[in-house]
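Please read the points below with the model open beside you, and look up each place as it comes up.

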Amino acid sequence: MEEFYIGTVDAVILGSSIAFSGLFYYLYRKKCKTVDKLNDAPHMALNEELVGLLNATPGKCLQYVVIEGTVQAIEEPLRSPFKEGTFGVIQKLLLQEHKLVWNSLARTWMDREHVLHERVSSVPFALVGGDGAQVRVLRPLEASGPEMETVHEKFHQANYGFGDLLSQYLSGEKSKGQLETEEMLRVGVSITAAGELILDSDRLLKLRPPTDGSTYFLTTTDFESLRLGQEGQASCWWSLAGIFALVGVAVVLWAGFRSYRKIQRKWQREQMRREFERIGEGEEDLENACVICLSNPRGCVLLDCGHVCCCYSCYEALPQPTCPVCRQGIRRVVPLYQA
């Protein structure tokens, strides 16, 4: 329909809402598949019988299983340089600079963080069951998680003199100091893992990222907390998709309402024009001719001034809604009925 019109701003909002709702719905469906995988995955007890079970399985592989065990380093574990007697299998050292940056728009100093150095180290490790059975964990850095414990955190306050203060105020950046942190997946921590379980040629159990693209999990929480967390994320993506979809629907409804009002006003003008034409039929009195076209009879009353000076066609053609006689603004127009 020619009357249905969406402006530039409306089109941008509609396009953005469609794009974001599509993106969030995709993330929702992806997260739902992850939740379904976790619900359907068998929970395997980590014991000596697991080797026999894998040996009897075709391909000696279970594509997606959930298994729980205690972290144990296969080689020499990583040692914390800051906390004596702390050992782990994954270590993350992070050095961040905290500074204040002048925001000229807000006219205030804003906090900023900048990573100066980051290093992640790991050593081979396995999950150990109650009877000593082990499952070696492959490529743990590719997993979702694990949540590591902060074993060291220290903030080094910046020291500067008058010259440093002057240069910082001139540059708009003022250093607060450096934050040094160490996170570690410690030996002896209980882990819930979800991935592909295989039995290699040496009859060693290994857990690796699923080859079918499913999410690889290593988490320090239990399975129920893992499942509820994934369901919560799916609900969040679903809510965001619904919100943006409602925004798009609201834009379409608003554009449709404006188009309906436009069509309604057009119908009202057309109906009024026909009414004026009907009133003016058969009248050829030049003394009562329109002051603008001098051909059609005067057929409308301009309000609020009350002048009767033109026909309806000339009224519609006025460049501004002002009376041709007194230049007063025209609020509305009504037909002139002559007895």
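1. Buried means under 20% relative accessible area, exposed means over 50%, and partly exposed lies in between, with a 1.4 Å probe and protein chains only. Helices (H or I, at least four residues) and strands (E, at least two) are DSSP runs, numbered from the N terminus. The model is a predicted one, in which local features need pLDDT of at least 70 and side-chain atom pairs count only at pLDDT 80 or more, while totals for chains, interfaces and linings use all residues. Residues are numbered from 1 along each chain as its sequence is written, and side-chain values use heavy atoms, with hydrogens and water left out.

2. In the helix α2, the residues Leu50, Val51 and Leu54 are buried. They lie on the same side of α2, because they cover an arc of only 105° around the axis, where the arc is that of the directions from the helix axis to the C-beta atoms. The face turned away from this buried side carries Glu49 and Ala56, which are exposed. Among the elements that cover the buried residues of α2 are β1 (43-44), β2, β7, β10 and β11, and contact here means heavy atoms within 4.5 Å.

3. A nonpolar core is a set of buried Ala, Val, Leu, Ile, Met, Phe, Trp, Tyr and Cys residues joined through side-chain atoms within 4.5 Å. The largest such core has 29 residues, and those with the most contacts inside it include Leu50, Ile67 and Leu127. At least two of its residues come from each of several elements, including α2 (49-56), β4 (87-103) and β10 (190-199), and β2 gives the most, with 5 residues. Apart from this core lies another, of 12 residues, among them Cys290 and Leu318.

4. Which part of the chain holds Ser201? Ser201 sits in the loop between β10 and β11, and it counts as exposed because its relative accessibility is 74%. Its C-alpha atom is separated by 9.7 Å from that of Lys60, although the two are 141 residues apart along the chain.

5. Gln328 is found in the loop between α5 (312-316) and β14 (332-335), and it counts as partly exposed because its relative accessibility is 37%. Leaving aside neighbours within four places in sequence, Gln328 is in contact with residues including Asp304, Pro321 and Cys323.

6. An unreviewed UniProt entry places the feature "transmembrane region" at residues 7-28 and 237-257; such annotations may be inferred rather than shown by experiment, feature names are shortened, and positions follow the numbering used here. In the model, residues 7-28 are 95% helix and 0% strand, and residues 237-257 are 100% helix and 0% strand.
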